[in-house]
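Here are my notes from going through the model. Have it open next to you while you read.

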Amino acid sequence: MTEHIYAHEHPESERKREGGFTLWFTGLSGSGKSTIAHLVGPELERRGLIVEYLDGDTVRTHLSKGLGFSKEDRDINIERIGWVASRLTRHGAAVIAAAISPYEETRRHARALVEEWGPFVEVFVAASVEECARRDVKGLYEKAFAGEITGFTGVDDPYEEPASPELRIDTEQHEPEASARLVLGKLEELGLVAAQVPA
């Protein structure tokens, strides 16, 4: 059936709304990506930005429903997140993407999609496999260690650490609130958000 689906040519606007960017959190499951993202987002909204979240689990429930966890499916999932992030960035949104995104090449592709329209800020949320397993309330690491789950990132599937992220946060050294402050500080340093004015 899909061989009969054809993309229609349509006008492609070159217009964009200034101020958009994508904040891309990457790291192992349990490293703290979503926790930090959900602290940073409300603060960006408080400073007047329109924030859109692209969380890995939520995207897999809607946009990437049906995809598995093979390398090909993971790459498709991240490419979809990157494409949506690029469109939202173009329209001036502050996009917060939080997905494991384990492969360097796929993250580079997502960056290229976004940077056509605005800045891409990669935040590597670093934590050891042992610490992520300790935090894991779903018991996924335990199942992966036991061989009940295969292809689990950080256990029997690789996680390729970013070579040169805009920011690296060690969440074994920094609590979530301190990590969020580091992210906001980096965004201020890059000129993407205004510095907080003391009340």
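Predicted model: local features only at pLDDT ≥ 70, side-chain atom pairs only at ≥ 80, totals over all residues.

**Notes on the packing**

1. The length of H4 checks out. It runs over residues 104–115, and at 1.5 Å a residue its 12 residues should span 16 Å; the end C-alpha atoms are 16 Å apart, so expectation and model agree.

2. Next, the hydrophobic side of things. In soluble globular proteins, nonpolar side chains tend to be buried together. Here the largest nonpolar core has 21 residues, and Leu23, Phe25, Val40, Leu44, Val123 and Val183 are those with the most contacts inside it. At least two residues of this core come from each of S1, helix H1 (33–46), strand S3 (94–98), S4, strand S5 (167–170) and helix H7 (176–189). There is also a second, separate core of 13 residues, with Ile81, Ala110, Val114 and Phe120 among them.

3. Leu44 deserves a click. Leaving aside residues up to four places away in sequence, Leu44 touches Phe21, Leu49, Val51, Ala94, Ile96, Leu184, Leu187 and Val193.

4. Now for a charged residue, Glu43, which sits in helix H1. Is Glu43 buried or exposed? Its relative accessibility is 15%, which is under the 20% cut-off, so Glu43 counts as buried. Its side chain makes a polar contact with the side chain of Arg46, at 2.9 Å. Glu43 also touches Leu184 and Gln196, again not counting residues up to four places away in sequence.

5. Arg90, in helix H3, is another one to look at. At 5% relative accessibility, Arg90 is under the 20% cut-off and therefore counts as buried. The C-alpha atoms of Arg90 and Phe21 are separated by 8.0 Å, with the two residues 69 apart along the chain. Phe21 is also among the residues that Leu44 touches.

Note on methods
Residues numbered from 1 in each chain as written. Heavy atoms only, no water. Helix = DSSP H or I, 4+ residues; strand = E, 2+ residues; numbered from the N terminus. Expected span 1.5 Å × (residues − 1). Core = buried A, V, L, I, M, F, W, Y, C linked by side-chain atoms within 4.5 Å. Buried < 20%, exposed > 50% of the residue type's maximum accessible area, 1.4 Å probe, protein only. Contact = heavy atoms within 4.5 Å. Polar contact = N/O pair within 3.5 Å; in protein donor to acceptor, adjacent residues only side chain to side chain.
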